[in-house]
Amino acid sequence: MAESESTANNGVNVEALLGARVALADAPEAAKFTWSASCEWKDGTFSQSTVEGYFGLGENHKHKTTFKFDADHPAVFASEDRGATPVEYVLVGLASCLTAGIAAVAQNRDIQLRSVTSTLEDGMDIQGILGMDSDIRNGFDGIKVSYKIDADASQKDIEALVAQSQKRSAVYDIVTNPTNVTVEVN
Amino acid sequence: MTVRTTTTVVIGGGQAGLAMSRCLSERAIDHVVLERGEVANSWRTERWDSLRLLTPNWQSRLPGYGYQGDDPDGYRNMPETIAFLDRYAEVISAPVEAHTTVTAVRTDGAGYLITTNQGDWRCRTVVLASGACNIARVPALSEALPAEIDTLDSMQYRNPEQLAPGGVMVVGASATGTQFADEIQRAGHPVTISVGEHIRAPRVYRGRDLEWWMDAAGVLDERYDEVEDIVRARKLPSLQLTGTTGRTTLDLNALGAIGVKLIGRFAGINDGKAQFSGSLRNQCAMSDLKMGRLLDTIDEWASENGLDGEVDAPSRLEPTVVEKSPPLGLNLKNGEIKTVIWATGYRPDYSWLELPVFDRKGRIRHDGGILEDAPGAYLLGIQFLRRRKSALLDGVGDDARDLSAHLAAYLDGQDPGEFVVTSGVAPA
């Protein structure tokens, strides 16, 4: 930041993020974002979702590109495996959110990252989704994330990076805390 | 009733108000201290029975007064704290108007009009020293608790005898929550403690009180305009400390060892079921890392100051033990939990303050206690007002010295903008 010379470059514009914090403190309404996605059933368990626009800073925005996501179920579910499963998208969301956070926090702490890789695993007993045992939940019984990080920092500082990233992660919050979900049919 | 006049009205007769009174007297500034009850009212009437100060006896250096007993390393219980402040008020001849509740503070020409239940005061300057912990903070989700659950907040809780037999959930794991959980579990109630952000700390480190280290190494003197994020620093929970005769550490591992169950942050209530965050592991990891950094700072300072041969060797506590899959829900309707106690922090009460000084979150805007939107008004005795130690018995004195110097300059008509306080230096 201003008074200390920053040497790390992880490609994250921390000045812009810190500037946004200051600007939004005076205009909290502008901090309210709405993220959207749309989804269309194709065939069987195959669907395609589209992400293109979002609302924030008081106006509508468009992504540079329209992103499409194919979701399906694999052959063991008697499906055709035309895309990742929805639960795998949850892991993708968590991994990318935590990883982006690690880069941003590292930049802010002037830590140069060389490589950041992670593997994610969730456990799930499908007796839940098959409706076989009401004591078993549909969702994950836990998620395990393992990071391998090569950076100019001590092990403790790297642990602190990963901890801080969890503390500030939207997807981590979404998966660790309950969220009200309203589903309507129009 | 006639309106009385004085130069400065100090609101609150606790350690902050008394320290300011002493500093004003040294400067011969005419003033009065308005106290809703008696000196040390919050300590007298609003705290639980077993509470002892988190700082040792010696660490109570107030302007013109300090500890003189024969147990410098002990921790004051409430009667001792009250007696200490009573004696301070006496020694400094503080002009305390007891049983005087302030009901409004308004601007009045070039000064302020203070309305109380004992008549009005007109003054040029006012010091808000009414305390940081007037109201127990309770999250909104408390309203969704099933009716059959007894609830207490941290100002209503006094001792385990108040509680119905059966399980207790303590929400919050800072100094207050961990102390409640400890004594309630020991009194025979199965306790579950809901853990959010907290700061773990050993009571004694390398043979000396942690507060001694933080004082000596200058951690407590860190200034409000030097920390990276003062808004966050002011919101930090109190260290997980307790003042016991055995100088014991009261962390989550100590609670686990007597059978208290740890669960995540209280996140919601759905259909009579309490929901807890899956973030417990990270909350504990962050706290362990934070404690590690504090102890690293202390070790570094000890080495630089040649203390390594004199004190015990560095050591680290075992990481906080978290079970593999902590429960994410708890049925509140099956009778397992009889009582929920909110130990989720405190906030000040400024309902009587009719000045345009509040930010959108209801906090007073101030620059190290100087209210720029209300010239001649000052704030004292809250967390990290001017220094990390600002809310401590031992820390309010330096703030009172600084602010009384500013206040005197303001009365003299000097430009307070030119006012510069050097760190921690008392006026001669």
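## Salt bridges, cores and a domain contact

B:Arg208 is partly exposed, with a relative accessible area of 23%. Buried here means under 20% relative accessible area, exposed over 50%, and partly exposed in between (1.4 Å probe, protein chains only). This is a predicted model: local features need pLDDT of at least 70, side-chain atom pairs count only at pLDDT 80 or more, and totals for chains, interfaces and linings use all residues. Residues are numbered from 1 along each chain as its sequence is written, chains are lettered from A in the order in which they are written, and side-chain values use heavy atoms, without hydrogens and water.

**Salt bridges**

The structure holds 40 salt bridges over all chains. Each is a side-chain nitrogen of Lys or Arg within 4 Å of a carboxyl oxygen of Asp or Glu.

| Pair | N to O distance |
|---|---|
| B:Asp394 and B:Arg61 | 2.6 Å |
| B:Arg208 and B:Glu310 | 3.2 Å |
| A:Lys32 and A:Glu29 | 3.8 Å |

B:Arg208 sits in strand β14 and B:Glu310 in the loop between α8 and β18 of chain B, so their bridge ties together parts 102 residues apart in sequence. Helices (H or I, at least four residues) and strands (E, at least two) are DSSP runs, numbered from the N terminus. B:Glu310 is exposed, at 56% relative accessible area. B:Asp394 and B:Arg61 are 333 residues apart. B:Asp394 is buried, at 7%; B:Arg61 is partly exposed, at 40%. A:Glu29 is exposed, at 59%. A network of salt bridges links B:Arg206, B:Asp296, B:Asp299, B:Asp308 and B:Arg316.

**Nonpolar cores**

A nonpolar core is a set of buried Ala, Val, Leu, Ile, Met, Phe, Trp, Tyr and Cys residues joined through side-chain atoms within 4.5 Å. The largest has 87 residues, and B:Ile114 and B:Leu380 touch the most other members. Helix α9 (residues 396-411) of chain B gives the most to this core, with 7 residues. Domain 1 and domain 2 of chain B each supply at least three residues. Another core, of 18 residues, lies apart from it and includes B:Leu220 and B:Val311.

**Domains of chain A**

Chain A has domain 1 (31-83) and domain 2 (85-177), with bounds from an automatic or database domain assignment. Their C-alpha centres lie 21 Å apart. The contact (heavy atoms within 4.5 Å) takes 8 residues from domain 1 and 5 residues from domain 2. The two bury about 450 Å² between them, 74% of it on carbon and sulfur atoms. That area is the accessible area (1.4 Å probe) lost on being put together, summed over both parts. The count of salt bridges between these domains is 0.
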